[in-house]
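Please examine the sequence and the model before reading the solutions.

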Amino acid sequence: MELNLSEDPSNNIIEKILKNSEILNTKIDLQQSMKESKDFSGLYVFVSFDIVNSTLYKSIDRDWYKLIDYFYDTLPAYFKSEEIGEKFKIWKFIGDEVLFYSRINNSRDLIKIPSEITSTIRKVTKAMHNKFNESCGLLSIKATAWSAIVSDKSGSDDNDERYKHKNVLFKRIRGGNKEFPITIYDFIGPEIDLGFRLAKSNAKKNQVLLSAELTYMILDIINSLDDDPEIGEDFKISEKAKYKIMCIEELKGIWHRRKYPIIWYREQWETDIFDYDEDDLEKYTFYNDKENKKEVRVYLKEVLSSVGRFQSVRNAIDDIEKGASKNLDSIVNGLSNQAEIHLVSILFDEMDNVLLLKRGKSKKNNDFYDFGCADLLNKKSFSDSLTEYYSKLLETQQSLSFVKDSFGNLIPIGTYVFEKSSGTLASGIIFCAKVQNIDVNTKELSRKGYQEFKKIPYTDLSSEYLQEKQITLFDGSLENIQKAHSLLTGDLVLKKTFK
């Protein structure tokens, strides 16, 4: 009997793999990259997303391939919609698992990876359950992230000691033609294998599993963040608390049979992390909380030093931070030469109250109040950057109503310049907006480096009132509040100047 693959509906999954895979869409990226650098050596982060209980699901639903097809479509779309996720490329598809990779050029990118993996798991799981009702309570997603220093054998200099690593990137032409080559990337080496070994026995549903090396790098970078207006001790404490060592165990072929720390990342640890009927969980005893009692970063430094891995991890961090990685100088220089722009919005609610935030104890001028401070995000507009910052700060999701000119552009009410602790100068632009009500999320307030907030009725605002209430503002703040109020209540003279 002749087998006709085209008649098998599940064969569409193969087409989906080819369609979604960047193997068929690397021509432009590859040509551009080759212009900038022929060597792709450096620090890489790998992320695996895998469906839990898919084998059982296949046995009870004859149309199981439709869900897998949907997973292949949805997961890359959601992950790449994240700020850091967009820098990841699809590595390969293995059954119900999708793997991504990214070469890291900016140390602060590492900090955001676990939270964006968490966000992706949540969004894709919800979307999958909504579309396939029978998967609710049965299917979930687990994720693993790990790192490796990789040598590009097709471009690296064999005499460069920094690039004599055990992990290798291979680029092979596997089809197409001279003008439109199909290039396949693959990674091979013991640190690549580590991620698969780690995931095999310790990746669990709805959890984000991280390698010890990647975790140490992230925590060390968090610990070294300078005290600028956006980063305080409160932020560091809250971020470090998201990483926990669940247990230590031997992984076959890893660290010469020395025990390996099993680390999970969660945004919140207060809620139940396991379902009541999950099996094989007795080993996850929160090792570092109950047995070791040391800060995770400190403990990992001791462990990595003990197994001879600390120096290579430390070198990887230094290479990123100093821009020492080969052929990355131009990228790092470009980043350092970009203007640092901060955005502020003075918020009023429907009751004409203005929001004031008291700066965190670890910040400069920590007895002063300001209005919050957002960064101008890459590839984002002023309004999008401000909305992302302030919508997270507020307790309930609300839209911000900005004052705009006739062309739809936000109208600024002022600018400012401040000196960071490093001695460098940063600039800011002040806008204004109205929200329905001002209810601040206190946890998010702390993460953003603030102690407390106040809602002050605009009619009460005066130098005497502020002095009486012991509220200290920066020079010019009171005038800017008055300008903001005038704009929001309809100062047509100012608006007409933009027409």
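**Exercise 1: orientation of a helix pair**

Helix 7 and helix 10 are oblique to each other; derive this description from their packing angle. The model is predicted: local features need pLDDT of at least 70, side-chain atom pairs count only at pLDDT 80 or more, and totals for chains, interfaces and linings use all residues. Residues are numbered from 1 along each chain as its sequence is written, and side-chain values use heavy atoms, without hydrogens and water.

*Solution.* Step 1: helix 7 spans residues 212-223 and helix 10 spans residues 296-306, helices being DSSP runs (H or I, at least four residues) numbered from the N terminus. Step 2: they pack at about 130°, with axes 9 Å apart; axes are lines fitted to C-alpha atoms over the stretch in contact, and angles run from 0 to 180 degrees between N-to-C directions. Step 3: angles under 35 degrees count as roughly parallel, over 145 as roughly antiparallel, 65 to 115 as roughly perpendicular and the rest as oblique; the pair is therefore oblique.

**Exercise 2: the contact and the buried face**

Identify the residues of helix 7 and helix 10 that meet, and state which residues of helix 10 are buried.

*Solution.* Step 1: with contact meaning heavy atoms within 4.5 Å, Ala212, Glu213, Thr215, Tyr216, Leu219, Asp220 and Asn223 of helix 7 meet Val296, Arg297, Leu300, Lys301 and Leu304 of helix 10. Step 2: Val296, Arg297, Tyr299, Leu300, Val303 and Leu304 are buried in helix 10 (under 20% relative accessible area, 1.4 Å probe, protein chains only). Step 3: these buried residues fall within an arc of 160° seen down the axis of helix 10, so they line one face of the helix; the arc is that of the directions from the helix axis to the C-beta atoms. Step 4: after helix 10 comes Gly308, with a positive phi near 75°.

Conventions:
Helices (H or I, at least four residues) and strands (E, at least two) are DSSP runs, numbered from the N terminus. Buried means under 20% relative accessible area, exposed over 50%, partly exposed in between (1.4 Å probe, protein chains only).
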